[in-house]
Amino acid sequence: MPELPEVETIANGVHARVQGQQIVAIWTSGKPQTFKSTETEIAEALTGAIVESVRRVGKTIVLTAGRGPASRNEQKPRPGQVEFLIHLGMTGRLLVSQPEVTLPPHTHAVLTLADGREIRFVDPRRFGRLSIYKPTSGKQGPEAPYKGQGCEPLTISLKEFIALFQGRRTPIKAALLNQSLLQGVGNIYADEALFGAGIRPQRQAGRLTRDELVRLRKSLQAVLRHAIKLGGSSVSDYVDAEGRRGFFQLRHKVYGRAGQPCTVCGTKIRKITLAGRGTHFCPVCQK
DNA sequence: CGTCCCACCTGATTGC
DNA sequence: TGCAATCAGGTGGGAC
């Protein structure tokens, strides 16, 4: 479901609402594949800890929790500090709710906070994953599971961006979706970015000109920033931490608009399958 | 290693 | 109306 702008919106929303709160209790559903760490490990790591921050890395939400006073150097992990990693998959939600609000179906984890509110992880399709990472565990500690992956699309330099696609024979759309190249770009924003840059999704990534890659990076960053500003895209049931829908779906130029006129030239938007995903483009504006 | 394709799930929508 | 087929914002593993 959620791509970079939706995950960013949720992480920021949860951060603003729960930072500094102590987690006093945890409940989990027991649906095995939802949990990459054992439920016992999750409960032990988080019970009694204080939420220090909630942020986005790629499409993963990283909730950092600690015991004792916050460190002066925020960069360095302290002993006892843990990271709760939440990947929302296609249909995952992370909600901050009052306890009296009815628990939605398909709730798989509930973190009860000291003031009574609850952080709830809800995921009908169960493609989402929850895990614990301990930055200080082991001698060196393994690299965090969300690191060593692709670059952040919002901060990548032009030089790095161009280098990503060198020599790749795969279609540019598939390359944009590849999380080991760029993390956070999903199906909606790949299509929208390619439309903005005037590039057909089928084009071989390695054969794009420097000029086209300049436009693509610009277009991708503009689309992501705009979407974050509007709280993400609510295509079916996406909502933020407070249950509010986003508004960027109203600005989609191609995604979900098959058969409708292109906003620039009026040609019918076409839909094909590429890299196993529904892919939308304007056959005239995109070369 | 790069790339392709399917499996993993439930629910909403489409089509017969 | 009813039921089956199709599709959905993502990823990870196996095959080639």
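Modeller: A polar contact here is a pair of N or O atoms within 3.5 Å; within protein, one must be able to donate a hydrogen and the other to accept it, and residues adjacent in sequence count only if both atoms are side-chain atoms. This is a predicted model, in which local features need pLDDT of at least 70 and side-chain atom pairs count only at pLDDT 80 or more, while totals for chains, interfaces and linings use all residues. Residues are numbered from 1 along each chain as its sequence is written, chains are lettered from A and ligands numbered from 1 in the order in which they are written, and side-chain values use heavy atoms, with hydrogens and water left out.

Colleague: With which side chain does the side chain of Thr279 make a polar contact?

Modeller: Thr279 lies in strand β10, residues 277–281; strands are DSSP runs of E of at least two residues, helices are runs of H or I of at least four, and both are numbered from the N terminus. The side chain of Thr279 also reaches a backbone oxygen, that of Arg277, at 3.0 Å. The side-chain partner, at 3.0 Å, is Lys173.

Colleague: Is Thr279 buried or exposed?

Modeller: Buried means under 20% relative accessible area, exposed over 50%, and partly exposed in between (1.4 Å probe, protein chains only). Contact means heavy atoms within 4.5 Å, and, leaving aside neighbours within four places in sequence, Thr279 is in contact with residues including Asp191, Pro201 and Ile272. The relative accessibility of Thr279 is 0%, so the residue counts as buried.

Colleague: Why is helix α5 described as largely enclosed by the rest of the structure?

Modeller: Helix α5 covers residues 187–197. Its buried residues, among them Asp191, Tyr189 and Phe195, pack against α1, α4, α6 and β10.

Colleague: Which residue just after α5 takes a positive phi?

Modeller: The phi just after α5 is about 70°, and the residue is Gly198.

Colleague: What is the radius of gyration of chain A?

Modeller: Chain A has six helices and ten strands. The radius is taken over C-alpha atoms, and the globule rule is 2.2 Å times the number of residues to the power 0.38. For 287 residues the rule gives 19 Å, so chain A is as compact as a globular protein of that length, with a radius of gyration of 20 Å.

Colleague: What percentage of the residues in chain A are buried?

Modeller: The C-alpha atoms fill a box of roughly 60 × 45 × 30 Å along the principal axes. Of the 287 residues in chain A, the buried ones make up 49%.
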